[in-house]
Amino acid sequence: MTLERAGALELLRRMVLIRRFEATCAEAYGAGKIRGFLHLYDGEEAVAVGSLSALAPEDNVVATYREHAHAIVRGTPLGTILAEMFGKATGCSRGHGGSMHLFDAGRRLFGGNAIVAAGLPLSVGLALADARLRRRAVTACYFGDGAVAEGEFQESLNLAALWKLPVLFLCENNRYAMGTALSRHQATTDLCAQPRAHGIPAESVDGMDVVLVREATERAAAAIRETPGPRFLEFRTYRFRAHSMYDAELYRSKDEVRDWMANHDPIRTFEAWLRERQWLTDDARAEIDASIAAEIATALAEAEAAPLEPLERLTADVYAEPTP
């Protein structure tokens, strides 16, 4: 794809929307409207926006518990996402899953998975089904650097390579597995080495640059469609917020976070890129902010007004009968 002005402005809008949406979620959490765990995506917007914009509607998407951005870019309505986090019946999982289990089968978004690395074998299964059904879909599997330490990572790479499955493994390497730096849980910090050992082509990409992310994903997805078999992309990124709202964030310095926010913000970087090409004016930027504010306000009102799931349905999707 050739990136033109309209498409570039849409990439910016989506990144800004994610940043503002996450701020809204943080406020709602502080007000007690969202319970449980909440993992925000600030700083990583270029990964979800750039990669998902390069995929097709028929492709499968499997994400982690930090997946609000993926649902937004995939097209799940904001009001539906917020309703899910508020535990409302109009949520995408009828309020049963919450922040970590956003699911939208109609848009082929198969979670939101709360367990580290849980999405990897699921992605292999989806890709195997597509291969058997001769669907030309790619399964995009998102996971963090912490998942690389799990057994499911090696098992999934092996099976995808062995069976030549159309899986696009997308590692969102934000440098900290919860509170553990990459160098403290991996003997080698070259995350492309392990997929290459399985014969899987792998590439490391600057995950703070939405254009580079988009281009790399386009190349990898096109290669999978042309010649069946998995590909691996490592997106080197950074989260500006703590791991979750419960995280005391004692594992990194405030100076480090401030440096990343000041010098590597994907939104500011892309804004500068757009202005250099005279594709973004002050009026256009203000229009983006105004439309996003209105969109989020509408979604918030919808979620707050939505009904709670009836008590009699709380165990409707539980496989085992509750003990009396």
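Predicted model: local features only at pLDDT ≥ 70, side-chain atom pairs only at ≥ 80, totals over all residues.
Residues are numbered from 1 along each chain as its sequence is written, and side-chain values use heavy atoms, with hydrogens and water left out.

**Helix α9**
- Helices here are DSSP runs of H or I with at least four residues, strands are runs of E with at least two, and both are numbered from the N terminus.
- The 17 residues of α9 (210–226) should span 24 Å at 1.5 Å a residue, and the end C-alpha atoms are 24 Å apart, which agrees; the expected span is 1.5 Å times one less than the number of residues.
- At the start of α9, the backbone nitrogen of Val-211 lies within 3.0 Å of a side-chain oxygen of Asp-209.

**How α1 meets α4**
- The axes of α1 and α4 (residues 78–85) come within 12 Å and cross at roughly 30°; these axes are lines fitted to C-alpha atoms over the stretch in contact, with angles from 0 to 180 degrees between N-to-C directions.
- That makes α1 roughly parallel to α4, a term for angles under 35 degrees.
- On the α1 side, Leu-17, Phe-21 and Cys-25 meet Leu-78, Ile-81, Leu-82 and Met-85 of α4.

**Ile-34, between α1 and α2**
- Ile-34 sits in the loop between α1 and α2 and is buried, with a relative accessible area of 2%.
- Leaving aside neighbours within four places in sequence, Ile-34 is in contact with Cys-25, Ala-28, Tyr-29, Met-85 and Phe-86.
- From Ile-34 to Glu-4 is 30 residues in sequence and 38 Å in space, C-alpha to C-alpha.

**Ser-51, in α2**
- Ser-51 belongs to helix α2 and counts as buried at 0% relative accessibility.
- Its side chain reaches the backbone oxygen of Val-47 at 2.5 Å.
- Beyond its neighbours within four places in sequence, Ser-51 is in contact with Ala-46, Tyr-142, Val-213, Thr-217 and Phe-235.

Terms used: Polar contact = N/O pair within 3.5 Å; in protein donor to acceptor, adjacent residues only side chain to side chain. Parallel < 35°, antiparallel > 145°, perpendicular 65-115°, else oblique. Contact = heavy atoms within 4.5 Å. Buried < 20%, exposed > 50% of the residue type's maximum accessible area, 1.4 Å probe, protein only.
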